[in-house]
Amino acid sequence: MSKHPHPFRAEWAPSIPRELMAGAVATFALIPEVIAFSFVAGVDPAVGLFASFVISIVIAFTGARPAMVSAAAGSVALVAAPLVHAHGVQYLFAAGILAGAVQILFGVLRLGVLMRYVSGSVRTGFVNALAILIFSAQMPHLIGANAATWAMVGAGLLIIYGLPRLTTAVPSPLVCIVVLTVAANWLDLPLKTVADLGLLPDGLPSFGLPQVPWSLETLRLIALPALAIAMVGLLESMMTASVVDELTDTPSSKNRECSGIGVANIAASLFGGIAGCAMIGQTVGNVRYGGRGRLSTLFAGAFLLILMVLLKPWVSQVPVAALVAIMVMVSASTLDWGSARALLRHPKLSSAVMLATVVVTVATDNLAAGVGVGVLLSGVFFTFKVSRLLSVEKTQDGAGLTYRVSGQVFFASADLLVDAFDVRDIEGRPVRIALDNAHFWDITAVNALDKVCQRLRKHGSTVEVTGLNEHGRALVSRLDIGIE
């Protein structure tokens, strides 16, 4: 008998009990954040909860990354809030549909490959910033809270970290919720509950088109917010997929994930929900407690609807302290603790990129801003390092001089090439420029070489260029300049 499960079983549910348990843990971790993000966006909690249900169900089928949990997310809520405040929630639904279409187009055009340009330092900074944001999001529930709240959070953390030492048959966060809910009701403790976070849905979501005028003016109003929603959603989903790839040592198609979240966001908007994306905290919690297949994602959404509608009276009594304890655990497990020690061992520029990503993300509470700065710095530092690899060696060759150029010549190193030729030292002698070990990448590089040749000839030198690579010769021919 084969030791490997059937491909369908491997993709959907390697272990059904673990998938269901992990999905349940992810659901409980979703509830407080989704409600909080709904308030950030300026919409009813039901809008965020319905969206999370629809997105989780759809992405389980359309997404590429098994075990990844997607729902209404804070990063999307931040960019959606101005549109809601200015024009109302119906325009948000219209923007969600347009954002989903952009994401589908992104996947169809196979632009997921752009994730290759996000360095490891940026990804580490992204994960660490999210861990900090997840933890800081719990502070409003703790600052100024009564002694009972602090005691229950402490008891929750004791259960979460202590129970696995005895047994791992049941996820400790689930036990934490049950035990703390029973204890809070039995002792009649003065604690804030889930019901205090906002009005919960009391029915199923209904299908319908956004109630907006279908005109060019509406398109003008929603175009930029939709583009922002699409880009932020893609960015967080791609980064989260990469994190899960590393956690599970399995690959995933980034292009399919782009299209998958687009389909899910269109569906969510048609059912009266806000657009969303992958949730790294809940995803890490799902994977940490055994989620490996699509069933955990599917069940997270289905269980959310069950909890919100069928079990609403019981869920309403869950103390917020229990959810805070779970999110503190998720924050701790999300943080890359080894990255702090690696700061001293890694190259200074790489560490600077990681720290800049963390600082900008936390300061702005904007994942796109943090990652954007990190990618920009990575590109600048990479360009700086590559440009320093250029070297020009001068040797005496009879009556003339030979300059041997080695390394990469492009826009960042072109000036270094020009500066290496001092006409005062050459004094009109014959010059040979040997480019056998050099690679000319762009027009700036070829123009720099042309500038050197013209300057030398102007001062009475004869110039011979040898070894120019094929790409460089093609640029010379295209620009019609007389280097050779």
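Q: How many Å separate the centres of domain 1 and domain 2, taken over C-alpha atoms?
A: In this predicted model, the chain is divided into domain 1 (7–343) and domain 2 (389–479), with bounds that come from an automatic or database domain assignment. Taken over C-alpha atoms, the two centres lie apart by 56 Å.

Q: What percentage of the residues of the chain count as buried?
A: Buried means under 20% relative accessible area, exposed means over 50%, and partly exposed is in between (1.4 Å probe, protein chains only). Of the 484 residues of the chain, the buried share is 52%.

Q: Which glycine just after H21 takes a positive phi?
A: Within H21 itself, the buried residues include Ala445, Val446 and Leu449. Just after H21, a positive phi of about 90 degrees is taken by glycine 460.

Q: How many residues of H3 are buried?
A: Helix H3 (residues 45–62) reaches 25 Å from its first C-alpha to its last, close to the 26 Å expected at 1.5 Å a residue. H3 is mostly covered, and of its 18 residues the buried ones number 15.

Q: Is threonine 149 buried or exposed?
A: Threonine 149 has its place in helix H8 (residues 147–162). Leaving aside residues up to four places away in sequence, threonine 149 touches His141, Leu142, Leu191 and Ala321, where contact means heavy atoms within 4.5 Å. Because its relative accessibility is 11%, threonine 149 counts as buried.

Q: How far apart in space are alanine 342 and glycine 281, C-alpha to C-alpha?
A: Alanine 342 sits in helix H16 (residues 338–345) and is buried, with a relative accessible area of 5%. Alanine 342 and glycine 281 are 61 residues apart in sequence, and their C-alpha to C-alpha distance in space is 23 Å.

Q: Is arginine 110 buried or exposed?
A: Arginine 110 is found in the loop between helix H5 (89–108) and helix H6 (120–136). Its phi is near 60 degrees, a positive value in a residue other than glycine. With a relative accessible area of 57%, arginine 110 is exposed.

Q: What is the phi of aspartate 249?
A: Most residues other than glycine have a negative phi. Aspartate 249 lies in the loop between helix H10 (216–248) and helix H11 (254–270), and is exposed, with a relative accessible area of 70%. Although aspartate 249 is not a glycine, its phi is positive, at about 55 degrees.

Terms used
Residues numbered from 1 in each chain as written. Predicted model: local features only at pLDDT ≥ 70, side-chain atom pairs only at ≥ 80, totals over all residues. Heavy atoms only, no water. Helix = DSSP H or I, 4+ residues; strand = E, 2+ residues; numbered from the N terminus. Expected span 1.5 Å × (residues − 1).
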